[in-house]
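Biologist: Please take me through one part of this model at close range. I would like to see how that part sits against the rest of the chain.

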Amino acid sequence: QARLVHQFISQSPYPVIVCGDFNDTPGSYSYQQVSKGLKDGFLEAGQGFGQTFNGDIPLMRIDYIFHNDHFQATDFQVHINHYSDHYPVSAFLSNLPDNSSNQ
């Protein structure tokens with residue numbers, strides 16, 4: 001499934017944003033496949049450990065916002081609440097100018 005998602009993303013002619021509860025850490029196969037060619041909003045604009053799992057295993061980041069080069073993340077937040085075993089995440093993404101005509 002992760003390979004199919006990556007294939008679909010890589011063939012998209014449109015700007016791409018992928019958000020989701022992967023239930024996998026950044027070292028996982030799923031993360032590596034789906035995020036290939038994309039930027040991780042947390043790595044680009046987050047702070048701290050980015051813990052998104054509210055469970056017995058501390059500091060797990062398993063929820064993500066990825067985007068392609070059409071965007072830049074300028075803010076990434078993990079919202080600490082106790083509605084679920086996951087903390088919601090949000091990012092502010094700015095459109096970047098299309099540089100394809102300059103190449």
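Modeller: Start with helix α1. The elements that cover its buried residues include β1 and α2. Keep in mind that this is a predicted model.

Which residues of α1 are covered? Helix α1 spans residues 2-10, and Ala2, His6 and Ile9 are buried there. Look down the axis of α1: the buried residues fall within an arc of 65 degrees, so they line one face of the helix. Now turn to the other side of α1. There Arg3, Leu4 and Phe8 are exposed.

Isoleucine 9 is in contact with Val16, Val18, Val34 and Leu38, leaving aside its neighbours within four places in sequence. Isoleucine 9 also belongs to the largest nonpolar core, which has 10 residues in all. Ala2 is in that core too, along with Val16, Val18, Phe22, Tyr31, Val34, Leu38, Tyr64 and Phe66. The elements that give two or more residues to this core are α1, α2 and β3. A second, separate core has five residues, among them Phe42, Ala45, Ala73 and Phe76. There is a general pattern behind such groups: in soluble globular proteins, nonpolar side chains tend to be buried together.

Next, take β1, one of the elements over the buried residues of α1. What does β1 pair with? Five bridges join β1 to strand β3, residues 63-67, and the two run antiparallel. Aspartate 21 has aspartate 63 of β3 as its bridge partner. Cysteine 19 stands opposite isoleucine 65 in β3.

Step back to the sheet. The sheet is open and has three strands, in the order β1-β3-β2, with antiparallel pairing. Its edge strands are β1 (17-21) and β2 (39-40), and each pairs on one side only. In general, strands of a sheet pair through backbone hydrogen bonds, either parallel or antiparallel.

Is β3 buried or exposed? Strand β3 is mostly covered, with five of its five residues buried. Both faces of β3 are covered. Asp63, Ile65 and His67 are on one side, while Tyr64 and Phe66 are on the other. The general rule is that in a regular strand the side chains alternate between the two faces of the sheet. Recall that Tyr64 and Phe66 are members of the largest nonpolar core.

Now cross to β2. Two bridges join β2 to β3, and these strands also run antiparallel. Aspartate 40 has phenylalanine 66 of β3 as its bridge partner.

Aspartate 40 also forms a salt bridge with arginine 61, and the closest N and O atoms are 2.9 Å apart. This pair links distant parts of the chain: arginine 61 is in the loop between α3 (41-45) and β3, aspartate 40 is in strand β2, and they are 21 residues apart. Arginine 61 counts as buried because its relative accessibility is 7%. Aspartate 40 is buried as well, with a relative accessible area of 7%.

How many salt bridges does a search of the whole structure find? The search finds two. The other joins the side chains of lysine 39 and aspartate 69, at 3.6 Å, N to O. Lysine 39 lies in strand β2 and aspartate 69 in the loop between β3 and β4 (71-78), so the pair ties together parts that are 30 residues apart in sequence. Lysine 39 is partly exposed, at 31% relative accessibility. Aspartate 69 is exposed, with a relative accessible area of 53%.

Serine 28 sits in the loop between β1 and α2 (29-35). Serine 28 is buried, with a relative accessible area of 12%. Its side chain reaches the backbone nitrogen of tyrosine 31 at 3.1 Å. Tyrosine 31 is itself in the largest nonpolar core.

The protein chain has three helices and five strands. From the N terminus on, the elements run α-β-α-β-α-β-β-β. Buried residues make up 33% of the 103 residues. Of the contacts with a separation of 6 or more, 63% come from residues 24 or more positions apart.

Notes. Residues are numbered from 1 along each chain as its sequence is written. This is a predicted model: local features need pLDDT of at least 70, side-chain atom pairs count only at pLDDT 80 or more; totals for chains, interfaces and linings use all residues. Side-chain values use heavy atoms; hydrogens and water are left out. Two strands pair if DSSP finds at least two bridges between them. Helices (H or I, at least four residues) and strands (E, at least two) are DSSP runs, numbered from the N terminus. Buried means under 20% relative accessible area, exposed over 50%, partly exposed in between (1.4 Å probe, protein chains only). A polar contact is a pair of N or O atoms within 3.5 Å; within protein, one must be able to donate a hydrogen and the other to accept it, and residues adjacent in sequence count only if both atoms are side-chain atoms. The arc is that of the directions from the helix axis to the C-beta atoms. Contact means heavy atoms within 4.5 Å. A salt bridge is a side-chain nitrogen of Lys or Arg within 4 Å of a carboxyl oxygen of Asp or Glu. A nonpolar core is a set of buried Ala, Val, Leu, Ile, Met, Phe, Trp, Tyr and Cys residues joined through side-chain atoms within 4.5 Å.
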